Amino acid sequence: MSGPPILRVGLDLDGSLESLGNSMTELADALVALGTCELVRFRTLSSPQAPDEHRLALRGLWAPLWRRSLGRSIEGLLPPVDVVHVAGLATPPTKRTPLIISVDDLRPLRGETRTHQRIAQLRRAVARGAVLVASSRTASHEVLQVLGVQRSQVVVVPPAVPSVAPTIDGRDLVVNVTGLVERFLPLAPELVRFAQERGARLVALTSSRSGQRIRASGLAVTVLPRSDARAALGDARVVLHISDGARFPSFAIAALGARVPTLARATAINRELLEGAAALVESDEETLVTLDQVWDNESRRAIMTAAGRSRAVDYAPATAARAYAALYREVVRGWGS
(Lines give C-alpha, C1' and ligand atoms only; values in the text may rest on other atoms or scores of the structure.)
Protein backbone atom coordinates (compact mmCIF):
# COMPACT_ATOMS: atom_id res chain seq x y z
CA MET A 1 0.00 0.00 0.00
CA SER A 2 1.54 3.31 -1.09
CA GLY A 3 1.79 6.27 1.27
CA PRO A 4 0.46 9.79 0.77
CA PRO A 5 1.66 11.67 -2.33
CA ILE A 6 4.82 13.74 -2.08
CA LEU A 7 4.01 17.39 -1.37
CA ARG A 8 5.71 20.11 -3.40
CA VAL A 9 6.78 22.86 -0.98
CA GLY A 10 8.08 26.29 -1.87
CA LEU A 11 10.42 27.25 1.00
CA ASP A 12 11.84 30.76 1.43
CA LEU A 13 15.37 30.57 2.85
CA ASP A 14 15.42 34.30 3.66
CA GLY A 15 13.71 33.52 6.90
CA SER A 16 14.49 32.98 10.53
CA LEU A 17 18.12 33.86 11.19
CA GLU A 18 19.57 32.71 14.50
CA SER A 19 22.99 33.10 16.07
CA LEU A 20 23.75 29.46 15.27
CA GLY A 21 22.63 29.65 11.63
CA ASN A 22 19.61 29.94 9.38
CA SER A 23 16.83 27.81 10.84
CA MET A 24 15.05 27.68 7.46
CA THR A 25 18.11 26.09 5.86
CA GLU A 26 18.22 23.61 8.73
CA LEU A 27 14.53 22.89 8.18
CA ALA A 28 15.01 22.46 4.43
CA ASP A 29 17.77 19.88 4.87
CA ALA A 30 15.73 17.98 7.45
CA LEU A 31 12.65 17.96 5.20
CA VAL A 32 14.71 16.46 2.38
CA ALA A 33 16.03 13.79 4.75
CA LEU A 34 12.46 13.05 5.85
CA GLY A 35 11.54 12.22 2.26
CA THR A 36 7.88 13.31 2.32
CA CYS A 37 8.34 16.67 0.57
CA GLU A 38 9.80 17.88 -2.69
CA LEU A 39 11.33 21.31 -2.08
CA VAL A 40 11.62 24.38 -4.25
CA ARG A 41 14.10 26.55 -2.37
CA PHE A 42 14.09 30.28 -3.09
CA ARG A 43 14.98 33.63 -1.52
CA THR A 44 12.62 36.59 -1.42
CA LEU A 45 15.08 39.27 -0.29
CA SER A 46 18.50 38.14 -1.53
CA SER A 47 20.14 36.41 -4.48
CA PRO A 48 20.41 32.60 -4.66
CA GLN A 49 23.43 31.22 -2.83
CA ALA A 50 23.44 27.64 -4.14
CA PRO A 51 22.73 25.90 -7.46
CA ASP A 52 19.57 24.22 -6.10
CA GLU A 53 17.93 27.56 -5.20
CA HIS A 54 15.32 28.85 -7.65
CA ARG A 55 15.94 32.36 -8.97
CA LEU A 56 12.91 34.68 -8.74
CA ALA A 57 12.61 36.87 -11.82
CA LEU A 58 12.59 40.61 -10.99
CA ARG A 59 12.85 39.82 -7.29
CA GLY A 60 14.31 43.24 -6.53
CA LEU A 61 11.23 44.89 -8.05
CA TRP A 62 8.72 42.92 -6.00
CA ALA A 63 10.56 42.59 -2.67
CA PRO A 64 9.58 46.04 -1.29
CA LEU A 65 5.93 45.29 -1.98
CA TRP A 66 6.19 41.82 -0.49
CA ARG A 67 7.25 43.47 2.79
CA ARG A 68 3.69 44.83 2.87
CA SER A 69 2.08 41.61 1.62
CA LEU A 70 1.38 43.32 -1.71
CA GLY A 71 2.73 42.96 -5.23
CA ARG A 72 2.93 40.07 -7.64
CA SER A 73 1.73 36.64 -6.61
CA ILE A 74 4.62 34.27 -5.94
CA GLU A 75 3.01 31.45 -7.95
CA GLY A 76 4.02 32.96 -11.27
CA LEU A 77 7.66 33.05 -10.19
CA LEU A 78 7.95 29.46 -8.92
CA PRO A 79 7.52 26.02 -10.45
CA PRO A 80 4.18 24.43 -9.46
CA VAL A 81 3.99 23.87 -5.68
CA ASP A 82 1.27 22.72 -3.27
CA VAL A 83 2.16 25.13 -0.45
CA VAL A 84 4.46 28.11 0.12
CA HIS A 85 6.27 28.65 3.44
CA VAL A 86 8.01 31.91 4.37
CA ALA A 87 9.48 33.11 7.66
CA GLY A 88 11.12 36.45 7.03
CA LEU A 89 10.11 40.04 6.35
CA ALA A 90 8.65 39.22 2.92
CA THR A 91 5.18 37.69 2.70
CA PRO A 92 4.43 37.53 -1.05
CA PRO A 93 0.76 37.05 -1.92
CA THR A 94 -0.60 33.82 -3.36
CA LYS A 95 -3.80 33.31 -5.33
CA ARG A 96 -4.36 29.57 -5.57
CA THR A 97 -1.72 28.18 -3.22
CA PRO A 98 -1.88 28.11 0.60
CA LEU A 99 0.65 30.33 2.33
CA ILE A 100 2.28 29.58 5.70
CA ILE A 101 4.10 32.39 7.54
CA SER A 102 6.35 31.61 10.51
CA VAL A 103 6.40 34.58 12.91
CA ASP A 104 9.56 33.98 14.92
CA ASP A 105 10.34 37.56 15.98
CA LEU A 106 7.79 39.37 18.15
CA ARG A 107 9.74 42.62 18.50
CA PRO A 108 7.87 44.37 15.64
CA LEU A 109 4.60 43.60 17.46
CA ARG A 110 5.67 45.06 20.80
CA GLY A 111 5.61 48.40 22.62
CA GLU A 112 8.00 51.08 21.44
CA THR A 113 9.42 48.88 18.67
CA ARG A 114 5.94 48.16 17.34
CA THR A 115 6.00 48.36 13.55
CA HIS A 116 2.68 49.24 11.98
CA GLN A 117 3.82 47.95 8.59
CA ARG A 118 4.56 44.47 9.98
CA ILE A 119 1.22 44.30 11.80
CA ALA A 120 -0.69 45.47 8.71
CA GLN A 121 1.31 43.05 6.55
CA LEU A 122 0.40 40.03 8.64
CA ARG A 123 -3.24 41.03 8.96
CA ARG A 124 -3.46 41.48 5.19
CA ALA A 125 -1.96 38.04 4.59
CA VAL A 126 -4.30 36.35 7.06
CA ALA A 127 -7.29 38.06 5.46
CA ARG A 128 -6.35 36.26 2.23
CA GLY A 129 -6.16 32.90 3.98
CA ALA A 130 -2.55 32.65 5.18
CA VAL A 131 -1.79 30.55 8.26
CA LEU A 132 0.55 32.06 10.86
CA VAL A 133 2.96 29.86 12.80
CA ALA A 134 4.12 30.93 16.26
CA SER A 135 7.18 29.31 17.82
CA SER A 136 5.52 28.58 21.19
CA ARG A 137 2.12 28.68 22.89
CA THR A 138 3.23 31.78 24.78
CA ALA A 139 4.15 33.51 21.53
CA SER A 140 0.87 32.46 19.90
CA HIS A 141 -1.11 34.24 22.62
CA GLU A 142 0.81 37.45 21.89
CA VAL A 143 0.29 37.14 18.14
CA LEU A 144 -3.45 36.59 18.61
CA GLN A 145 -3.76 39.55 20.97
CA VAL A 146 -1.85 42.02 18.81
CA LEU A 147 -3.22 41.04 15.40
CA GLY A 148 -6.78 40.30 16.52
CA VAL A 149 -7.10 37.27 14.22
CA GLN A 150 -9.00 34.04 14.78
CA ARG A 151 -7.39 31.34 16.91
CA SER A 152 -7.69 28.88 14.03
CA GLN A 153 -5.43 31.12 11.93
CA VAL A 154 -2.42 30.74 14.28
CA VAL A 155 -0.76 27.39 14.98
CA VAL A 156 2.31 26.49 17.03
CA VAL A 157 5.38 24.77 15.59
CA PRO A 158 8.84 25.37 17.12
CA PRO A 159 11.64 26.23 14.66
CA ALA A 160 14.56 23.96 13.89
CA VAL A 161 17.41 24.42 16.37
CA PRO A 162 20.76 23.47 14.81
CA SER A 163 22.59 20.55 16.33
CA VAL A 164 25.97 21.39 17.86
CA ALA A 165 28.86 19.25 19.03
CA PRO A 166 28.99 18.38 22.74
CA THR A 167 31.06 20.81 24.78
CA ILE A 168 34.00 19.17 26.55
CA ASP A 169 35.82 20.85 29.45
CA GLY A 170 34.30 24.30 28.85
CA ARG A 171 35.57 26.97 31.25
CA ASP A 172 33.66 30.18 30.39
CA LEU A 173 30.53 31.68 31.87
CA VAL A 174 28.65 32.54 28.68
CA VAL A 175 25.74 34.98 28.88
CA ASN A 176 23.40 35.17 25.91
CA VAL A 177 21.91 38.69 25.94
CA THR A 178 18.93 39.11 23.63
CA GLY A 179 16.73 42.17 23.89
CA LEU A 180 17.31 44.89 26.46
CA VAL A 181 20.89 45.10 27.71
CA GLU A 182 19.46 46.72 30.87
CA ARG A 183 18.61 43.22 32.02
CA PHE A 184 22.29 42.30 31.97
CA LEU A 185 24.20 45.39 33.15
CA PRO A 186 22.94 45.47 36.80
CA LEU A 187 23.96 41.83 37.23
CA ALA A 188 27.25 42.09 35.33
CA PRO A 189 29.55 43.23 38.21
CA GLU A 190 28.58 40.20 40.30
CA LEU A 191 28.99 37.91 37.31
CA VAL A 192 32.46 39.34 36.67
CA ARG A 193 33.40 38.73 40.31
CA PHE A 194 32.00 35.20 40.16
CA ALA A 195 33.96 34.35 37.02
CA GLN A 196 37.23 35.89 38.22
CA GLU A 197 37.10 33.99 41.51
CA ARG A 198 37.03 30.77 39.48
CA GLY A 199 39.66 31.77 36.98
CA ALA A 200 37.05 31.94 34.21
CA ARG A 201 36.04 34.46 31.57
CA LEU A 202 32.68 36.18 31.49
CA VAL A 203 31.62 36.13 27.83
CA ALA A 204 28.60 38.08 26.56
CA LEU A 205 27.01 37.17 23.22
CA THR A 206 24.98 40.10 22.01
CA SER A 207 24.16 42.58 19.27
CA SER A 208 26.67 45.21 18.18
CA ARG A 209 24.70 48.03 19.86
CA SER A 210 24.40 46.22 23.18
CA GLY A 211 28.04 45.19 22.89
CA GLN A 212 29.08 48.85 22.70
CA ARG A 213 27.22 49.60 25.93
CA ILE A 214 28.81 46.65 27.71
CA ARG A 215 32.30 47.70 26.59
CA ALA A 216 31.57 51.28 27.69
CA SER A 217 30.83 50.01 31.22
CA GLY A 218 34.51 49.16 31.66
CA LEU A 219 33.68 45.75 33.11
CA ALA A 220 35.89 42.73 32.42
CA VAL A 221 33.49 41.18 29.95
CA THR A 222 34.56 39.56 26.69
CA VAL A 223 31.96 40.72 24.18
CA LEU A 224 31.36 38.52 21.14
CA PRO A 225 29.03 38.99 18.17
CA ARG A 226 26.23 36.50 17.62
CA SER A 227 28.13 35.08 14.66
CA ASP A 228 30.57 33.61 17.21
CA ALA A 229 27.80 31.81 19.12
CA ARG A 230 28.86 28.32 18.12
CA ALA A 231 32.48 28.89 19.16
CA ALA A 232 31.39 30.50 22.45
CA LEU A 233 29.20 27.51 23.26
CA GLY A 234 32.14 25.21 22.65
CA ASP A 235 34.03 26.96 25.50
CA ALA A 236 31.14 27.27 27.97
CA ARG A 237 30.93 25.66 31.40
CA VAL A 238 27.57 27.32 32.16
CA VAL A 239 25.22 29.35 29.96
CA LEU A 240 23.04 32.14 31.34
CA HIS A 241 20.20 33.08 29.00
CA ILE A 242 18.95 36.68 29.45
CA SER A 243 16.13 37.56 27.07
CA ASP A 244 13.04 39.71 26.61
CA GLY A 245 11.20 36.67 25.24
CA ALA A 246 10.67 38.17 21.79
CA ARG A 247 12.43 35.31 20.03
CA PHE A 248 12.57 31.56 20.44
CA PRO A 249 15.44 30.64 22.84
CA SER A 250 17.43 28.70 20.26
CA PHE A 251 20.81 29.36 21.85
CA ALA A 252 19.62 28.13 25.25
CA ILE A 253 18.23 24.96 23.68
CA ALA A 254 21.41 24.44 21.67
CA ALA A 255 23.35 24.77 24.95
CA LEU A 256 21.20 22.02 26.45
CA GLY A 257 21.94 19.85 23.44
CA ALA A 258 25.66 20.56 23.83
CA ARG A 259 25.48 19.27 27.43
CA VAL A 260 26.09 22.70 28.97
CA PRO A 261 24.05 23.42 32.14
CA THR A 262 21.86 26.44 31.46
CA LEU A 263 20.14 29.08 33.60
CA ALA A 264 17.30 31.41 32.58
CA ARG A 265 14.71 33.67 34.18
CA ALA A 266 11.39 32.02 35.00
CA THR A 267 9.38 33.85 32.33
CA ALA A 268 6.29 32.37 30.70
CA ILE A 269 8.11 31.30 27.55
CA ASN A 270 11.03 29.80 29.49
CA ARG A 271 8.66 27.84 31.72
CA GLU A 272 6.98 26.46 28.62
CA LEU A 273 10.15 25.51 26.77
CA LEU A 274 12.94 25.06 29.30
CA GLU A 275 11.39 24.00 32.62
CA GLY A 276 12.75 20.69 33.85
CA ALA A 277 15.88 20.99 31.72
CA ALA A 278 17.33 24.42 32.55
CA ALA A 279 17.52 26.01 36.00
CA LEU A 280 14.85 28.71 36.11
CA VAL A 281 15.31 31.59 38.56
CA GLU A 282 13.05 34.40 39.77
CA SER A 283 15.56 37.15 40.60
CA ASP A 284 19.15 38.33 40.24
CA GLU A 285 19.87 37.13 43.78
CA GLU A 286 18.58 33.66 42.98
CA THR A 287 20.59 33.70 39.75
CA LEU A 288 23.86 34.09 41.67
CA VAL A 289 22.99 31.40 44.23
CA THR A 290 21.93 28.94 41.54
CA LEU A 291 24.94 29.75 39.39
CA ASP A 292 27.23 28.85 42.26
CA GLN A 293 25.48 25.50 42.69
CA VAL A 294 25.44 24.67 38.99
CA TRP A 295 29.09 25.63 38.51
CA ASP A 296 30.54 23.44 41.27
CA ASN A 297 28.06 20.65 42.02
CA GLU A 298 28.99 17.79 39.70
CA SER A 299 25.94 15.73 40.68
CA ARG A 300 23.59 18.55 39.75
CA ARG A 301 25.49 19.19 36.55
CA ALA A 302 25.11 15.55 35.54
CA ILE A 303 21.35 15.65 36.15
CA MET A 304 20.98 18.88 34.16
CA THR A 305 23.13 17.54 31.35
CA ALA A 306 20.96 14.45 30.93
CA ALA A 307 17.72 16.44 31.08
CA GLY A 308 19.07 19.04 28.65
CA ARG A 309 20.07 16.51 26.02
CA SER A 310 16.60 14.96 26.20
CA ARG A 311 14.87 18.33 25.89
CA ALA A 312 17.00 19.45 22.94
CA VAL A 313 15.74 16.49 20.90
CA ASP A 314 12.25 18.06 21.06
CA TYR A 315 13.55 20.98 18.98
CA ALA A 316 16.03 19.25 16.67
CA PRO A 317 15.75 19.87 12.90
CA ALA A 318 14.32 16.38 12.33
CA THR A 319 11.58 17.04 14.91
CA ALA A 320 10.73 20.40 13.34
CA ALA A 321 10.65 18.80 9.88
CA ARG A 322 8.11 16.19 10.96
CA ALA A 323 5.91 18.85 12.53
CA TYR A 324 6.06 21.13 9.49
CA ALA A 325 5.47 18.27 7.06
CA ALA A 326 2.31 17.40 8.99
CA LEU A 327 1.25 21.07 8.96
CA TYR A 328 1.83 21.37 5.21
CA ARG A 329 -0.38 18.36 4.58
CA GLU A 330 -3.11 19.62 6.91
CA VAL A 331 -3.13 23.10 5.36
CA VAL A 332 -3.19 21.74 1.80
CA ARG A 333 -6.02 19.38 2.70
CA GLY A 334 -8.06 22.21 4.21
CA TRP A 335 -7.32 24.82 1.54
CA GLY A 336 -10.46 26.11 -0.11
CA SER A 337 -12.78 23.98 2.02
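The second largest pocket of this predicted model holds about 160 Å³ of space, where a pocket is an open set of points on a 1 Å grid over the protein atoms alone, with a 1.4 Å probe fitting and protein on both sides within 12 Å along at least five of seven lines, and lining residues have an atom within 4 Å of a point. Of the 14 residues that line the second largest pocket, Ser163, Gly257, Ala312, Val313 and Ala316 are the closest to its centre.

**Second largest pocket**
- Helix 8 and helix 11 (298–313) each supply at least two residues of this lining, helices being DSSP runs (H or I, at least four residues) and strands likewise (E, at least two), numbered from the N terminus.
- By class, the lining of the second largest pocket has 11 nonpolar, 2 polar and 1 charged residues.

**Helix 8**
- Because 7 of the 8 residues of helix 8 (residues 250–257) are buried, this helix is largely enclosed by the rest of the structure; buried means under 20% relative accessible area with a 1.4 Å probe, protein chains only.
- Arg259, which follows helix 8, has a positive phi, near 70°.

**Largest pocket**
- About 1,100 Å³ of space lies in the largest pocket, and of its 40 lining residues Asp105, Arg107, Gly179, Ala246 and Arg247 are the closest to its centre.
- Helix 6 gives the most to the lining of the largest pocket, with 3 residues.

**Basis of the values**
- Residues are numbered from 1 along each chain as its sequence is written, and side-chain values use heavy atoms, leaving out hydrogens and water.
- Local features need pLDDT of at least 70 and side-chain atom pairs count only at pLDDT 80 or more, whereas totals for chains, interfaces and linings use all residues.

Terms used
Buried means under 20% relative accessible area, exposed over 50%, partly exposed in between (1.4 Å probe, protein chains only). Grid points are joined across faces, edges and corners, and a volume is the space filled by probe spheres set on the points. Ala, Val, Leu, Ile, Met, Phe, Trp, Tyr, Cys and Pro count as nonpolar, Asp, Glu, Lys and Arg as charged, and the others, Gly among them, as polar.
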